[in-house]
Amino acid sequence: MTDRAESSARRDRTETVAATTVDLAEVRRRNTPEPVTFHRRELDLILRVYGRMVADGHWRDYAIDHLRDRAVFSAFRRTSEVPLYRIEKDPSRARKQGAFAIISAAGLVLKRGHELETVLRYFDKPPRVVR
């Protein structure tokens, strides 16, 4: 092979390789779904309940997790313990049982619904008689 033909063949291979180069970070970014998050209005409702429960002395700490399939607000009595309650937003259940749920420390679903405001009524105190 002549130098010219060899140079041409090498250039063709280089152009082919350059044309098929893929940026893995870009592919992962496109293929990885955005995590589920609480919207500002939803977080405002949750933090209003959290503030009331802290004022009553029931809760002391919280954690927010934004996962690929759901968003979770966990309320703790003490930081070192398991959460007393988890308020979850799971969009995959939005059409069936409702996207929002309150789950106890034991894993029982206490309340589920389509609207967060109605689900959070679980934490409202029942009226009591004042003498």
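## Close-up views of a predicted chain

**Figure 1. Overview of the chain.** Of the 131 residues of the chain, 24% count as buried, where buried means under 20% relative accessible area, exposed over 50% and partly exposed in between (1.4 Å probe, protein chains only). The structure is a predicted model, in which local features need pLDDT of at least 70 and side-chain atom pairs count only at pLDDT 80 or more, while totals for chains, interfaces and linings use all residues. Residues are numbered from 1 along each chain as its sequence is written, and side-chain values use heavy atoms, with hydrogens and water left out. The chain contains four helices and five strands; these are DSSP runs numbered from the N terminus, with helices (H or I) of at least four residues and strands (E) of at least two. Along the sequence they follow the pattern α-α-α-β-β-β-β-β-α. The accessible surface comes to about 10,000 Å², and 50% of this surface belongs to carbon and sulfur atoms; accessible areas come from the Shrake-Rupley method with a 1.4 Å probe, and for residues only the protein chains shown count as cover. Among the contacts (heavy atoms within 4.5 Å) with a separation of 6 or more, 31% are between residues 24 or more positions apart.

**Figure 2. Strand 1 and strand 2.** Strand 1 (residues 61–66) and strand 2 (residues 71–76) pair in the antiparallel sense over six bridges; two strands pair if DSSP finds at least two bridges between them. I64 in strand 1 has F73 in strand 2 as its bridge partner. With a relative accessibility of 31%, I64 is partly exposed. Together with L47 and Y62, I64 makes a nonpolar surface patch of about 220 Å². Patches are made of residues with over 30% relative accessible area and no salt bridge, with like charges joined within 9 Å and nonpolar side chains (Val, Leu, Ile, Met, Phe, Trp, Tyr) within 5 Å; a salt bridge is a side-chain nitrogen of Lys or Arg within 4 Å of a carboxyl oxygen of Asp or Glu.

**Figure 3. The surroundings of S74.** S74 belongs to strand 2 and is buried, its relative accessible area being 5%. When neighbours within four places in sequence are set aside, S74 touches D61, Y62 and A63, as well as P83, Y85 and R86.

**Figure 4. Strand 4 between its two partners.** Strand 4 (residues 100–104) is mostly covered, since five of its five residues are buried. In a regular strand the side chains alternate between the two faces of the sheet. In strand 4 both faces are covered: F100, I102 and S104 are buried on one side, and A101 and I103 on the other. Strand 4 pairs in the antiparallel sense with strand 3 (residues 85–89) over five bridges, and K89 stands opposite F100. Strand 4 also pairs in the antiparallel sense with strand 5 (residues 109–113), here over four bridges, and I103 stands opposite V109. Four residues lie between strand 4 and strand 5 in their hairpin, and G107 in the turn has a positive phi of about 95 degrees.

Figure 5. V119 is part of helix 4 and counts as buried, at 1% relative accessibility. Although V119 and A101 are separated by 18 residues in sequence, their C-alpha atoms are 6.9 Å apart in space. Apart from neighbours within four places in sequence, V119 is in contact with F100, A101 and I102, and with K111, R112 and G113.

**Figure 6. Aromatic pairs.** A pair of aromatic rings is described by the distance of the centres and the angle of the planes. The whole structure holds nine aromatic pairs; rings of Phe, Tyr and Trp (its six-membered ring) pair if their centres lie within 6.5 Å, and planes under 30 degrees apart count as stacked, over 60 as edge-to-face and the rest as tilted. Y50 and F73 form an edge-to-face pair, 6.0 Å centre to centre with 75 degrees between the planes. Y50 lies in helix 3 (residues 40–55) and F73 in strand 2, so this pair ties together parts that are 23 residues apart in sequence. Both Y50 and F73 are buried. W59 and F123 also form an edge-to-face pair, 5.3 Å centre to centre with 85 degrees between the planes. W59 lies in the loop between helix 3 and strand 1 and F123 in the segment after helix 4 (116–120), so the pair ties together parts that are 64 residues apart in sequence. W59 and F123 are both buried.
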